[in-house]
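Notebook open, structure loaded. I'm writing down what I looked up, in the order I looked.

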2 protein chains.
Amino acid sequence: MTFTEGGVTAAKGFKAADAAAGIKYQGRPDMAMILSSVMCKAAGTFTTNVVKAAPVIWDRDIVKGSGLAQAVVINSGIANACTGEEGMKYCRETASAVFEKLAVPENAVLVASTGVIGMQLRIDRIRDGISMMSGSLSDTIEAGHKAARAIMTTDTKPKEAAVSFRAGGKDIVLGGMCKGSGMIHPNMCTMLCFLTTDINISQELLQEALSCSIQDTFNMVSVDGDTSTNDTVLLLANGLARNPEITEKNDDYYSFCEALKEVNTKLCRMIAGDGEGATALFEVEIKGADTKEQAKVLARSVVSSNLVKAAICGHDANWGRILCAMGYSGAEFDPDRTDLYFESAAGKIQIMSAGTGCCFSEEEATRILSEPEVKAIAVIGKGPESAVAWGCDLTHGYIDINADYRS
Amino acid sequence: MTFTEGGVTAAKGFKAADAAAGIKYQGRPDMAMILSSVMCKAAGTFTTNVVKAAPVIWDRDIVKGSGLAQAVVINSGIANACTGEEGMKYCRETASAVFEKLAVPENAVLVASTGVIGMQLRIDRIRDGISMMSGSLSDTIEAGHKAARAIMTTDTKPKEAAVSFRAGGKDIVLGGMCKGSGMIHPNMCTMLCFLTTDINISQELLQEALSCSIQDTFNMVSVDGDTSTNDTVLLLANGLARNPEITEKNDDYYSFCEALKEVNTKLCRMIAGDGEGATALFEVEIKGADTKEQAKVLARSVVSSNLVKAAICGHDANWGRILCAMGYSGAEFDPDRTDLYFESAAGKIQIMSAGTGCCFSEEEATRILSEPEVKAIAVIGKGPESAVAWGCDLTHGYIDINADYRS
């Protein structure tokens, strides 16, 4: 498997477009579209928030119904969440506009929105945006890149990844883009993500591969502990690589799962590192656990702790806060058998041994914690399981962004 | 019942003292002592964090063992958490120093610490502090007030409350002090709190009244979602009011429970309003719930949301974040039947009706949210239950304090 250039247009048969439709932002693209030349198997995972945005309900019905889709329409600026029956109507009208322009059946049009909760969309502008994008769809890397920019809200960087690998004697490509910077906390999935692949695979296995992959990737990201109303990961497979259809868990299936893991992990790290106000990507690894679940609960608790995140912001090796966050996580472990390390490009240092502090150099620890990517590693025993979670530091920038986001 | 002056020295037979022992801070008092003239029934509730500080283990053994205590020794600056066997030894030596100076049996000396996790105490300084305080114990309001100052860490204000009420034909007094500003999140209890009363009551009922009271008070406070390793509420009853001993749940028992609720609620509001970096006390009330637990889970989720707290900091009526936080709380409710209001000394405004936004004046909402105490009220149905949670806004001050707390 090798990483390759591009995102949603990397796989065969996928085009993308973007448009400045004036949904809420002025003077920047705020709509994107993905179109496959043929019908795709569609898989999806959605927020577990009781409050679900209208597009989440729309997409879930398609994925759980026919499991087939050919186009995705995305807007940033307004989330179409807490918008009642009117919000659902806008999903239908979006799909209807795509049918008019591109002759893709309404029930094969997926919809996604991200932005402020509670405002209604201007559906006339959505229609205009679809009209503009229908004329400019392109399969170039650049078109995918522009789409990745258009779906950004408080993100500072577009987020794309793609890999190519072999399955069934064919070259397969899997690419994707995502957005997400605030209201990011693991639960089913944590933002908008769109994955496209030309692999030929049954819808059931496509969904299973996706559902499985997000458990170790998107569900292990946290920026601020707030699980969004709009979280969506969509995965479209159009089969144009012409490998024999994957209908059982054979080597090709596992190659595809591995590709999904690589792409999703890369996208997750991009989200965490670009968390609102973040100056550092903060990775937490728990090793030596008896069960996977125990390792995940501990890793997520540390990466979600405001106090730990503020210490990372200050490059402060305040390890007591890490042990404290492990302690209230809800997972059992023995603090007196736990070792802690910090690691980054600047080196690795042990800071705690068997539950009490080591004699370590504060200067060295600060130097290690001053890198743009820092990692805490807790070894809690001799068990076989481990887990990694991704987050970021808590900074003044986060307050600046969120104390008055709506205006 | 009437509120009265003072804190831990308000009830008959209780003295307090403080000392600048140089535990970690320089030039300010950092130790306090409470002494009853006679043996007390002792009740306590402690952190649910798996990582428990040494004093938590020490106190729990006393409360669950004999249930009797006469003195409490407290230090700020160092938490004596993650300190292994050495930390436990310091608890024993602290008690032993009190026995030497005041002839109180070691197993009747409760110990509490708050501050940095992972550093060892200088036990010689603890001993010196006990020596100083043993000579200056006083039953004045001022002595209690100084003790409340000495136990502060990042708190900006001392926190005391006291009430008097009648039971068994006698005047009873219940007073207390607490500290807590960061690492504050409901789970059993959320900081250090010391309550003293002269009521005559069995140890079993004393513990039951306390355990019950904290469910609706300290367990409903959150500053930053981090449940401390040192959380402790201790309640000493010395019986000197000479009411007939309360041994059943009669009117006197319920009068005492009511007094506990009043004192604890007042202390909770002080903690939330003095949360690290806070500019506003933020109160969340859930009404119309079917069950108490449902109301509490929803209220705690909203008051703990970084995004909601940042919006309160910006005086921004960003109600979508409130509904979002209710949605991921884990409690079931129907967003489409939910109404939302903001309220403060400046007025009350409805911002959401049946799950979608109302037409409200942003200026009026901002005015209401600019008060030092603001409240969000969500009415989720027609059920009989409600709950209140207390927190504060998330500000630049929180980052300033926590990005480099240890230095």
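**Sheet, chain A.** In what order do the six strands of the open sheet in chain A come? I read the order as S13-S12-S11-S14-S10-S15, and the pairing is mixed. Strand S13 (356-357) and strand S15 (385-392) of chain A are the edge strands, each pairing on one side only. A caveat to keep in view: this is a predicted model.

I then went to one pair inside that sheet. Strand S11 (residues 339-344) and strand S14 (residues 373-379) of chain A run antiparallel, with six bridges between them. Phe342(A) has Ala376(A) in S14(A) as its bridge partner. I also checked what sits on the sheet: H6(A) lies across strand S10 (281-289) and S15 of chain A, and runs at about 40° to S15(A).

**Domains.** Chain A splits into domain 1 (2-271) and domain 2 (281-402). I noted 32 Å between the centres of domain 1 and domain 2 of chain A, taken over C-alpha atoms.

**Helix H2, chain A.** H2(A) covers residues 84-102, which is 19 residues, and at 1.5 Å a residue it should span 27 Å. The C-alpha atoms at its ends are 28 Å apart, which agrees.

Which residues of H2(A) are buried? I listed Gly87(A), Tyr90(A), Cys91(A), Thr94(A), Ala95(A), Ala97(A) and Val98(A). Looking down the axis of H2(A), I see these buried residues fall within an arc of 155°, so they line one face of the helix. The buried residues of H2(A) pack against helix H1 (54-64), strand S4 (68-78), strand S5 (109-116) and helix H3 (123-134) of chain A. After H2(A) comes Ala103(A), with a positive phi near 60°.

**Positive phi, elsewhere.** Arg242(A) isn't a glycine, yet its phi is positive, about 65°. I found Arg242(A) in the loop between strand S9 (232-237) and helix H6 (251-273) of chain A.

Over in chain B, Ala354(B) is another non-glycine with a positive phi, near 50°. Ala354(B) belongs to the loop between strand S12 (347-353) and S13 of chain B. With 12 C-beta neighbours inside 10 Å, Ala354(B) counts as exposed.

**Sheet, chain B.** Chain B has an open sheet of six strands, ordered S13-S12-S11-S14-S10-S15, with mixed pairing. Strand S13 (356-357) and strand S15 (385-392) of chain B are at the edges with a single partner strand each, so one side of each has no neighbour in the sheet. Strand S10 (residues 281-289) of chain B runs antiparallel to S15(B), joined by seven bridges. Within that pair, Ile286(B) stands opposite Ala387(B). Helix H6 (residues 251-273) of chain B packs on the sheet, touching S10 and S15 of chain B, and its direction makes about 40° with that of S15(B).

**Helix H8, chain B.** How many of the eight residues of H8(B) are buried? Eight of the eight, in residues 306-313, so H8(B) is largely enclosed by the rest of the structure. The buried set includes Lys309(B) and Asn306(B). Just after H8(B), His315(B) has a positive phi of about 55°.

Methods: Residues are numbered from 1 along each chain as its sequence is written. Chains are lettered from A and ligands numbered from 1 in the order in which they are written. This is a predicted model: local features need pLDDT of at least 70, side-chain atom pairs count only at pLDDT 80 or more; totals for chains, interfaces and linings use all residues. Domain bounds come from an automatic or database domain assignment. Two strands pair if DSSP finds at least two bridges between them. Helices (H or I, at least four residues) and strands (E, at least two) are DSSP runs, numbered from the N terminus. Two residues are in contact if their C-beta atoms, placed from the backbone, lie within 7 Å. Axes are lines fitted to C-alpha atoms, for helices over the stretch in contact, and angles run from 0 to 180 degrees between N-to-C directions. The expected span of a helix is 1.5 Å times one less than its number of residues. A residue is buried if 20 or more other C-beta atoms lie within 10 Å of its own, exposed if 12 or fewer, and partly exposed in between; C-beta atoms are placed from the backbone. The arc is that of the directions from the helix axis to the C-beta atoms.
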